[in-house]
Each structure stands twice: as structure tokens, then as C-alpha cells.
Amino acid sequence: MTITLQEITKANWQQVIKLKLADEQKNWVAPNWYSILEAHYEGGFARAIYADDTLVGFTYFGHDDDSGRWYIVRLMIGLEQQGKGYGRAALHEIINTMRQNPDCHEIYISFEPDNDVARHLYASIGFEDTGTIEDGEVVFRLPAK
Ligand SMILES: CC(C)(COP(=O)(O)OP(=O)(O)OC[C@H]1O[C@@H](n2cnc3c(N)ncnc32)[C@H](O)[C@@H]1OP(=O)(O)O)[C@@H](O)C(=O)NCCC(=O)NCCS
């Protein structure tokens, strides 16, 4: 199985906005349609996550000019595809893509304090707690070089 990050296009945008989450997960990540618009107007990279030829999730990442940080702003795997290792594999792919930017020395990610799956996943990859809370979210940081 190969995970790839692919552009949002005429061919896949409708499938991307139909990816589902469990009701209790909806507080943890903005709807994909919103994130696609946000990436369009704020800048950054909105990408569909594919496992081989199957669409499994969505991510949005980029440089935040205000803070000067590289952020993984959103990450979600569709409910029916969760728990199969796609989230972890996608995260590695996202990090490798971001690292190719010469000024990307650290990668930030944040999550709601009650999102234990996200906390466990990010910590297991090497993200460290910055000890700060921003907009109610726990902020983790990964050295990227
Ligand atoms: C967080 C998320 C991206 C992880 O993707 P995933 O494909 O389900 O995760 P993986 O299969 O790669 O598993 C990653 C780890 O999380 C654990 N995990 C995944 N789903 C879990 C669940 N429902 N309950 C408990 N643990 C879970 C796995 O056991 C694995 O840990 P391990 O390798 O130590 O066993 C996905 O669950 C998701 O989209 N959640 C809803 C949206 C969200 O919270 N996004 C993050 C916002 S910051």
C-alpha cells in the first residue's frame, strides 16, 4: 500500500467533501469544504490522501506567515478507513513533503485536549508538547531537520 498526497481537483473535490467522521469526532476538525476554502484564500496546501487508488482522507498544511511556523493545520481519515494505519502513514508523507522546504526546521500541529487518538499518534511519531494552548488546542512541535 502506498500513501500519496494529491491535489484537490475537479475530479475529486466532491468525494473529498463527502468523507465522513463519527459524530463525536466532528468537534475535532473543521469540515473539509471549509478547509479547502481556507487553503484557497489563506494559502497553503490542501491535499487528498490516497491509499493506492482509494481516497481515504484529507490534509491541509503550510506556512503561517503570522507566526512564521510550518503547521499541519488539518488531518482527517474518513471513518470507514480509520484504524488501518493510513493516518500514521499519511503523517509521515506530510512531514517528508514539508521538510523539503529549506526554511522548514520545525513542524507544529495542534489538537483538542480530549482528542486522545491524535495525542497518542503525534507523540508516537516524535512530536513534543510545547506546553502551550492556542485557541483552546494543545500545541505539539516536531524538529524537522
Ligand atoms: C486521528 C486520525 C487522523 C488517525 O488516523 P487513523 O488512520 O485512524 O490512525 P492509524 O490507523 O494510522 O492509527 C494511528 C494510531 O492511533 C490509534 N487509533 C486509531 N484509531 C483509534 C481509535 N478509534 N481508538 C483508539 N486508538 C485509535 C491506533 O491504534 C494507532 O496507534 P498504534 O500504532 O500505537 O496502535 C483519524 O482517526 C481521524 O481522522 N480522526 C478524526 C479527526 C481528527 O481527530 N483529526 C486530527 C485532528 S488534530
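Q: Before more of that, what are the ground rules?
A: This is a predicted model, so local features need pLDDT of at least 70 and side-chain atom pairs count only at pLDDT 80 or more, while totals for chains, interfaces and linings use all residues. Residues are numbered from 1 along each chain as its sequence is written, and side-chain values use heavy atoms, with hydrogens and water left out.

Q: OK, back to H2. Which residues are buried in it?
A: Asn32, Ser35 and Ala39 are buried in helix H2, residues 32–42. Buried means under 20% relative accessible area, exposed means over 50%, and partly exposed is in between, with a 1.4 Å probe and protein chains only.

Q: Where do they sit around the axis?
A: On the same side of H2, because they cover an arc of only 55 degrees around the axis. The arc is that of the directions from the helix axis to the C-beta atoms. The face turned away from the buried side carries the exposed residues His40 and Tyr41.

Q: And what do the buried ones pack against?
A: The buried residues of H2 pack against helix H1 (13–18) and strands E2 (45–51), E3 (54–64) and E4 (69–77). Contact means heavy atoms within 4.5 Å.

Q: Take Val16 in H1. Buried or exposed?
A: Val16 is buried, with a relative accessible area of 0%. Leaving out residues up to four places away in sequence, Val16 touches Ile8, Asn32, Ile36, Ala48, Leu55 and Phe58. Val16 and Leu55 are 39 residues apart in sequence and 7.7 Å apart in space, C-alpha to C-alpha.

Q: Switching to H3 and H4. How do they cross?
A: The axes of H3 (residues 86–99) and H4 (residues 116–125) come within 11 Å and cross at roughly 50 degrees. H3 and H4 are therefore oblique to each other. Under 35 degrees counts as roughly parallel, over 145 as roughly antiparallel, 65 to 115 as roughly perpendicular, and the rest as oblique. Axes are lines fitted to C-alpha atoms, for helices over the stretch in contact, and angles run from 0 to 180 degrees between N-to-C directions.

Q: Which residues make the contact?
A: H3 supplies Gly87, Arg88, Leu91, His92 and Ile95, and H4 supplies His120, Leu121, Tyr122, Ser124 and Ile125.

Q: How accessible is Arg88?
A: Arg88 counts as partly exposed, at 36% relative accessibility. Leaving aside neighbours within four places in sequence, Arg88 is in contact with His120, Leu121, Ser124 and Ile125.

Q: Which residues of H4 are buried?
A: Ala118, Leu121, Tyr122 and Ile125 are buried in H4. They cover an arc of only 90 degrees around the axis, which puts them on the same side of H4. On the other side of H4, Asp116 and His120 are exposed. H4 is followed by Gly126, with a positive phi near 120 degrees.

Q: Which phi does Asp52 have?
A: Asp52 is not a glycine, yet has a positive phi of about 50 degrees. Asp52 is placed in the loop between E2 and E3, and at 42% relative accessibility counts as partly exposed.

Q: What about Asp135?
A: Phi of Asp135 is also positive, near 50 degrees. Asp135 is found in the loop between strand E6 (128–134) and E7, and is exposed at a relative accessible area of 81%.

Technical notes:
Helix = DSSP H or I, 4+ residues; strand = E, 2+ residues; numbered from the N terminus.
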